[in-house]
Amino acid sequence: MDMHRHGPRNLHREKVQLNNWQQTVTRVWHYLATRKWQLVIVFLLTIVTTAVTIIGNRINGIVIDQYISKHRLQALLIVCAAMIGMYLIASVFTYFQNSIIIKVAQDTSARIRHDVFANLQRLPMTYFDTHDNGDVMSRLTNDVDNINTALMQTFVQLFTGVISVLGMGLAMIILSPLLTGIALLSTLATYLFSKAIAKLTQKAFMTQQAALGSLNTQIEESVSGKQLVQLFDHTTATMTMFNETNETYTKAAFRAQALSSIMGPFNNMTNNIAYLLITAAGAISILTGHGGITVGIIFTFLIYLRNFTGPINNVLNLINTLQLSLASAERVFELIDEAPEQDAPAAVAVKQTTGNVTFEQVSFAYDTRPILKDINLVAKQGEVVALVGPTGAGKTTIMNLLTNLYPLQHGRVLLDGRDVTTMRRQDLRRLVTVVQQESFLFTLTIRENIRLGRPDASDAEVELAAQRANADVFIKQLPAGYDTLLSENAHSLSQGQRQLLSIARAFITGAPVLVLDEATASIDSNTEADVQTAMTALMQDKTSFVIAHRLSTIQSADQILVINDGRVIERGTHQSLLAENGFYAELYNSQFDQA
Amino acid sequence: MFRIVMQHIHGKTRICFFLAPLIMLGEVFCDLQQPTLMSNIIDHGLAKGDMHFVIQEALWMLMFAVLGLIFGATCGTLGSYASLKMGEALRSHMLTVALVDRQPGGLEPATLITRITNDVTQMQNLVMMITRGMVRAPMLLLGGVVMSVIVCPDLAPILFVIMPILVIFMLWIVRRSIPLYTKMQQAVDTVNRVMRENLQGAKTIKAYVLEDHQLDQFNDENAQLRQTSQRAAMATVILSPVIQLLLNLGVVVALGYGGSLAISQTISDGQIIAFVNYMIQITSAMIQTVNIITAFSRAITSATRVQAVLDEESAEQLPVVTTVVPTGSDVEFDDVTFGYQQSQPILNHVSFKLPAGKWLGIIGPTGAGKSSLINLLTRSFDQYTGTIKIGGTDIQEMSLAAVHQKITVALQDSLLFSGTVRSNLTYGAKAATDVGLAAANQVAVADEFVDRLPANYDAPVEQAGKNFSGGQRQRLNISRAIVPKRDILVMDDATSAVDQTTNAEIKTRLEQTRSDQTTVIISQRVTNVMDCDQIIVLEDGQITAHGSHAELLKQSDFYRQLVQTQLGGGRHGHASTRTS
């Protein structure tokens with residue numbers, strides 16, 4: 001099943017950079033240590049099965065020399081019966097050895113996956129902002145897979161390989177140093193040749209990879225931009241360019257693959273030559289009466305040879321695979337070691353709040369880039385505070401500080417007079433419900449997605465929340481209603497419907513403080529009205545912060561803060577700000593008075 | 001599958017494709033000579049003490065080894081050439097099909113991309129395999145059997161017992177394990193999905209304190225994955241000990257039974273040795289064959305997926321049409337109906353006339369058919385009933401190029417290509433000068449950030465325009481549509497990601513530069529369409545209202561409601577009229 005592993009890639013050994021392999025090995029061992037007795041058993045079974053192979057082959061030779069040549073029929077049959085027994089036991093052993101390894105490897109990789117995921121859940125938001133999802137995913141999937149493969153195959157193969165090579169090498173030397181020398185020479189020739197070919201092909205492989213990269217980019221771009229290609233009559237130009245890259249790729253790939261396709265036949269030839277040398281050398285020394293070689297020994301050697309060159313080449317490849325796996329393990333452990341978000345040492349549990357929020361001289365910088373400067377704000381219980389301003393002014397950041405999503409550098413954010421950084425994060429976040437511009441919907445049913453707001457909510461509560469969020473109507477129109485399974489961030493729903501669901505989710509939390517980040521992108525017009533009434537209903541009796549784009553929200557707000565460039569530049573009510581005729585008035589009017 | 005391969009290899013490539021397996025036969029033949037020659041050395045050379053014969057046979061063996069290398073290397077080279085050339089032709093063919101395809105409702109881009117990249121690579125590997133392994137493994141198998149029967153007919157029954165058992169056993173295991181591996185793959189997909197969603201939804205998870213809830217879910221899926229993987233692996237774990245056992249049993253029987261025959265002088269030692277060697281060769285050839293069958297079945301899946309893309313190639317030739325570009329730039333839809341399925345029309349009896357130089361606004365909910373209307377006008381699809389005319393000429397009588405000489409669209413999806421700002425802006429007009437680009441950028445309000453880029457027009461654009469913000473991409477997208485200076489410009493919700501101030505600015509500048517040129521604005525924002533000469537309200541594929549802003553306020557409930565929610569009460573009276 002593992003055809004791919006023998007592809008030309010094996011030739012092109014990647015250079016692996018390991019920072020601290022001893023430590024990584026130790027940590028992998030910690031995972032395995034709980035299964036150490038099973039591993040010891042595997043170790044013993046491997047020694048037995050390998051020994052059976054070596055001894056069995058030797059007996060083959062002895063049978064020819066001692067029994068067949070000397071016409072001892074009865075003894076021959078007894079030995080054969082014994083061999084059958086021996087092989088049966090070896091096969092049973094191999095079966096157990098492989099079964100145990102599979103269990104250990106799968107359990108271990110499941111545990112590693114769990115540990116990575118568990119830590120990932122507790123990482124601070126800054127981690128997700130600064131790390132590419134693709135990279136994290138690749139650690140969670142490919143790298144854990146690599147560890148799994150290493151445990152399941154590489155490790156055992158390497159171990160078996162080393163034992164076979166050592167055991168057989170020893171047996172061969174004892175039998176005939178001359179024939180051993182010939183076998184070693186052929187192995188050496190194969191190794192040197194593959195090294196030389198690898199060197200020759202490396203450059204070709206690199207060109208091939210580079211060409212493949214730009215080939216794939218062009219395919220991706222032109223297919224996703226198909227409509228543009230057609231609209232601007234670019235088909236011919238695109239294809240001309242593509243065909244050029246396509247040809248470059250083929251040329252580079254041909255150079256690389258043609259060279260490396262010689263590998264197989266070459267190995268085959270060296271094996272055949274070793275084969276003939278052993279036969280010929282053996283025959284000559286029998287004829288000249290030197291070296292104590294018998295027909296049986298030649299026979300044993302021929303079979304050893306098949307089992308010798310293979311493992312040695314294999315061992316070299318496996319060491320490289322093992323290095324790659326260690327590098328993977330290192331990347332995985334890096335993720336496990338990432339410092340999680342931690343509450344302050346004396347963080348207190350807070351179960352309720354009246355909803356008075358104060359920002360005192362809050363400043364915040366991302367890396368060294370200042371985002372917020374000296375923000376002051378007092379929101380009393382039940383008030384609606386609107387934040388307006390251009391994109392990138394820092395409105396969302398202000399609200400992220402309220403839920404302690406990022407560490408602030410200066411000033412304090414208070415909830416009921418208590419610094420939010422002294423509260424347990426989980427408590428704080430249960431008291432402040434955030435409706436993001438685009439809340440994420442998971443691959444769960446609609447019911448489960450709404451319930452995420454408060455996992456112990458009953459079905460009736462979920463449906464009530466949906467009704468209050470104006471989502472009930474469209475949900476009931478879906479074929480499976482509340483049990484409709486959403487997939488891949490709910491692409492089957494319109495953006496407006498997705499918003500209604502996230503509002504329903506916010507309804508169900510019942511938290512006294514609300515942050516609403518209105519979507520900037522326009523949504524379909526008939527849902528827009530639903531979204532607005534739902535948002536208004538949601539804000540009832542709550543201290544609400546609205547990052548506002550809609551005029552109705554702004555007009556009815558108790559306070560409006562105009563944010564620009566990380567500062568509050570104006571504040572007041574809709575009327576007072578219009579009268580001021582400043583930035584707000586300009587922003588407001590720009591939407592209507594166009595000439 | 002074979003058809004796909006044959007369609008994409010021609011001339012030299014085709015010769016290589018057929019020559020390679022023939023040459024492989026040579027390599028197999030050489031390989032098969034070795035055990036027989038060796039047996040000769042032992043039986044004839046040793047038994048008769050004939051040193052000369054030993055050396056002669058050894059030289060034969062050497063010659064066959066070297067010949068084997070020559071055959072093998074030649075076959076490999078020819079095979080690589082054939083497979084790569086086939087891949088090249090196939091990729092190019094598939095991309096062309098994908099790009100010229102004008103059927104509505106085709107494959108998703110992501111799927112298409114995978115098919116043109118991964119699946120073609122699979123096909124390429126398959127051809128490589130056909131030229132080498134497909135011949136080598138079965139031929140070694142067959143040849144091994146024939147040779148061992150020739151060398152030692154008395155022992156042949158051993159093969160005839162062991163081989164069928166081995167084959168049946170392997171096929172049984174493979175068949176049994178396939179559904180288990182499918183299950184495992186599903187579990188892998190689920191775990192990956194949970195992980196991916198946790199990364200994408202990290203903020204939502206934190207906001208709703210769902211960390212533990214998610215971890216519980218993950219633990220369930222992770223346990224499921226562990227279980228299914230173990231099951232799948234356990235199903236195949238029996239394979240290698242059994243193969244090993246059967247082979248060993250074969251060897252023992254050959255020795256025991258062969259030995260007793262040798263003792264009674266029926267066969268020789270050399271024959272036994274040769275037979276055992278053939279048996280080892282046969283077994284490894286058999287394992288290879290099974291591997292190839294597995295790989296082959298995987299390639300069939302790829303081939304089916306590739307064929308589905310090729311099937312989209314329409315045999316229909318576009319009728320011979322005039323390439324004359326009409327002078328007028330009025331647009332007319334006359335009773336146009338369009339739908340992917342007959343029962344569910346996307347556009348339903350749509351008729352309107354837009355005089356040259358006038359502005360048309362189209363507003364309506366998502367999925368009402370606004371973009372489809374534009375797709376028909378630009379001839380992205382032709383499967384509609386009714387007539388569409390530009391400048392009085394039916395667009396079906398115009399060549400595609402002629403239609404595109406007349407009209408450009410700023411699409412909703414502001415995809416940029418990797419290259420430079422210039423290469424993107426001149427996408428529709430290779431010959432555009434910097435002055436032309438500057439003018440277009442000014443209208444699209446793209447000048448302010450493009451002028452600030454260190455390399456200006458030569459600033460690099462990464463794949464999908466990742467190094468620009470959503471708003472900047474949309475502005476470049478608009479500019480790209482303006483650069484070719486076509487008579488008719490369509491803005492298909494092209495400002496959805498720019499902030500409202502910039503949106504207003506773009507609108508103002510468009511009005512200034514195109515006041516007497518035909519322009520179609522599709523939008524969800526009332527402010528974007530309210531000043532157009534005509535506005536169409538499109539709901540569920542039908543025009544439910546058609547008129548000026550003032551008329552629609554009276555006629556259309558939908559429109560009135562939209563104005564209220566978007567503009568608040570009372571301000572719509574301020575709508576300015578565009579001076580034309």
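1. Let's start with B:Met139, which sits in helix H5 (residues 133-151) of chain B. Helices here are DSSP runs of H or I with at least four residues, strands are runs of E with at least two, and both are numbered from the N terminus. A quick word on the ground rules: this is a predicted model, where local features need pLDDT of at least 70, side-chain atom pairs count only at pLDDT 80 or more, and totals for chains, interfaces and linings use all residues. Residues are numbered from 1 along each chain as its sequence is written, chains are lettered from A and ligands numbered from 1 in the order written, and side-chain values use heavy atoms, leaving out hydrogens and water.

2. Now look at who B:Met139 meets. Leaving aside residues up to four places away in sequence, B:Met139 touches B:Leu25, B:Val28, B:Leu32 and B:Gly144 (contact means heavy atoms within 4.5 Å). B:Thr289 is 150 residues from B:Met139 in sequence, yet their C-alpha atoms are 9.9 Å apart.

3. Staying with chain B, an unreviewed UniProt entry annotates residues 58-84, 133-151, 157-174 and 232-257 as "transmembrane region". Such annotations may be inferred rather than shown by experiment; positions follow the numbering used here and feature names are shortened. In the model, residues 58-84 of chain B are 100% helix and 0% strand, with end C-alpha atoms 39 Å apart. Residues 232-257 of chain B are 96% helix and 0% strand, and their end C-alpha atoms are 39 Å apart.

4. How about the domains of chain B? The assignment gives domain 1 (1-150 + 295-314) and domain 2 (331-573), with bounds from an automatic or database domain assignment. The C-alpha centres of domain 1 and domain 2 of chain B lie 53 Å apart. Four residues of domain 1 of chain B contact eight residues of domain 2 of chain B.

5. Over in chain A, A:Asp459 belongs to helix H14 (residues 459-468). A:Asp459 is partly exposed, because its relative accessibility is 36%. Not counting residues up to four places away in sequence, A:Asp459 touches A:Arg447 and A:Arg451. A:Arg447 is twelve residues from A:Asp459 along the chain, and their C-alpha atoms are separated by 7.6 Å.

Note on methods:
Buried means under 20% relative accessible area, exposed over 50%, partly exposed in between (1.4 Å probe, protein chains only).
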